[in-house]
Amino acid sequence: MKLAELQDALDIYGSELAAWPDELRRSAERLVASEPAAADCLEQARQLDRLIARRVQAQTPVLDEAATRVLARLPRELPRQRRFALSWPLALLDVDLAPSRWRLAALAVVAFLGVALGLFGPDIDASDAGWLPGASAETTLAVMFEPEPLTGVRP
Amino acid sequence: MEEASDEALMQRVAGGDQVAFRLLARRYTRRALQLAHRVTGNQADAEEILQEALLRVWVNAPRWRPMAAFRTWFYRVVLNLCLSRRRRAPFAPLEAAGDPPDPAADPETRREDDEAARRVAAAIAELPARQRAAIVLTYDEDLSNAEAAAILETSVSGVEALLVRAKRSLREQLRSPPERRNEEDR
């Protein structure tokens with residue numbers, strides 16, 4: 001770590017090194033221990049943080065009075081709320097589509113069943129058309145798969 | 001009895017429950033007022049902004065989706081109102097006046113420290129609005145950079161850049177002697 005990087009990290013994460021990401025903290029501690037300029041930099045950052053924090057002195061009575069005023073000024077009759085004319089599509093936003101073990105397991109099972117059914121499931125061909133009541137192979141499947149009249153090609 | 005979460009209250013507010021709304025408003029008014037005050041630097045503005053923000057919460061509650069924490073959403077509303085509002089009066093940093101003195105320090109050190117604190121407060125007041133907002137969110141509200149980024153509607157690296165620029169300005173203000181700064185101000 002270089003001095004400029006230390007300065008940037010102090011600005012980003014503050015002067016409390018314990019709150020820094022581990023690796024960055026270790027690099028900073030090494031630099032501060034080895035370079036007096038880095039130690040000065042840390043000391044200045046601590047002073048700046050302390051001065052910034054000093055202005056956060058809560059002015060409790062003023063704030064409490066102001067908060068009471070704001071709440072008292074809220075109208076007794078609140079305005080009409082804005083609603084979507086069609087709110088049901090919003091329900092889709094509540095559907096949790098994030099991957100989870102159960103959802104992935106269900107998807108895998110369905111996919112497996114699909115493949116298994118495709119590979120080992122019963123085939124329906126013209127000879128099975130008897131299961132259609134009142135229909136024969138010629139009037140159902142054969143009609144559906146009639147050869148093309150001009151070329152004679154079957155679909 | 002366990003206190004209802006913000007999100008549960010918002011669900012009730014979305015259904016038109018005024019009691020839940022007033023409960024939520026009471027829960028956040030003080031802190032949001034502090035946030036607005038520190039960003040705008042004007043008490044009257046802060047109160048107006050908060051009033052408007054609360055009414056927006058009520059009006060838009062049916063459209064609110066619990067994608068982020070209520071606090072993040074509400075602070076975003078407040079902060080956007082702060083940033084879009086033009087300053088009506090020169091910034092008067094409330095912090096510039098009387099901080100409790102450090103009893104351990106000698107009078108000379110205390111005087112110097114008070115002077116430095118006043119300069120930092122004044123310098124923060126003069127920062128560009130988004131840099132000031134980043135300082136207020138991370139120091140005053142004690143939020144993480146990621147939470148501040150969500151409120152400022154930017155990336156974490158965006159907040160980090162704001163903090164770096166803000167603190168660079170503050171350091172420069174602290175380094176320059178007060179007399180020179182006064183001359184520059186004129």
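**Exercise 1.** Determine how many residues of chain B are in contact with chain A, and characterise the interface.

*Solution.* 
Step 1. With contact taken as heavy atoms within 4.5 Å, 52 residues of chain B touch 42 residues of chain A. The model is predicted: local features need pLDDT of at least 70 and side-chain atom pairs pLDDT 80 or more, while totals for chains, interfaces and linings use all residues. Residues are numbered from 1 along each chain, chains are lettered from A in the order written, and side-chain values use heavy atoms, without hydrogens and water.

Step 2. About 4500 Å² is buried between chain B and chain A, 56% of it on carbon and sulfur atoms; this is the accessible area (1.4 Å probe) lost on putting the two parts together, summed over both.

Step 3. Six salt bridges (Lys or Arg side-chain nitrogen within 4 Å of an Asp or Glu carboxyl oxygen) span the interface. One of them joins E47(B) to R73(A), at 2.7 Å from N to O.

**Exercise 2.** Describe how helices α2 and α4 of chain B pack.

*Solution.* 
Step 1. The axes (lines fitted to C-alpha atoms over the stretch in contact, with angles from 0 to 180 degrees between N-to-C directions) of α2(B), residues 18-40, and α4(B), residues 70-84, come within 10 Å and cross at roughly 40 degrees. Helices are DSSP runs of H or I, at least four residues, numbered from the N terminus.

Step 2. Residues in contact include L24(B), Y28(B) and L35(B) of α2(B), and F70(B), F74(B) and V78(B) of α4(B).

Technical notes
Helices (H or I, at least four residues) and strands (E, at least two) are DSSP runs, numbered from the N terminus.
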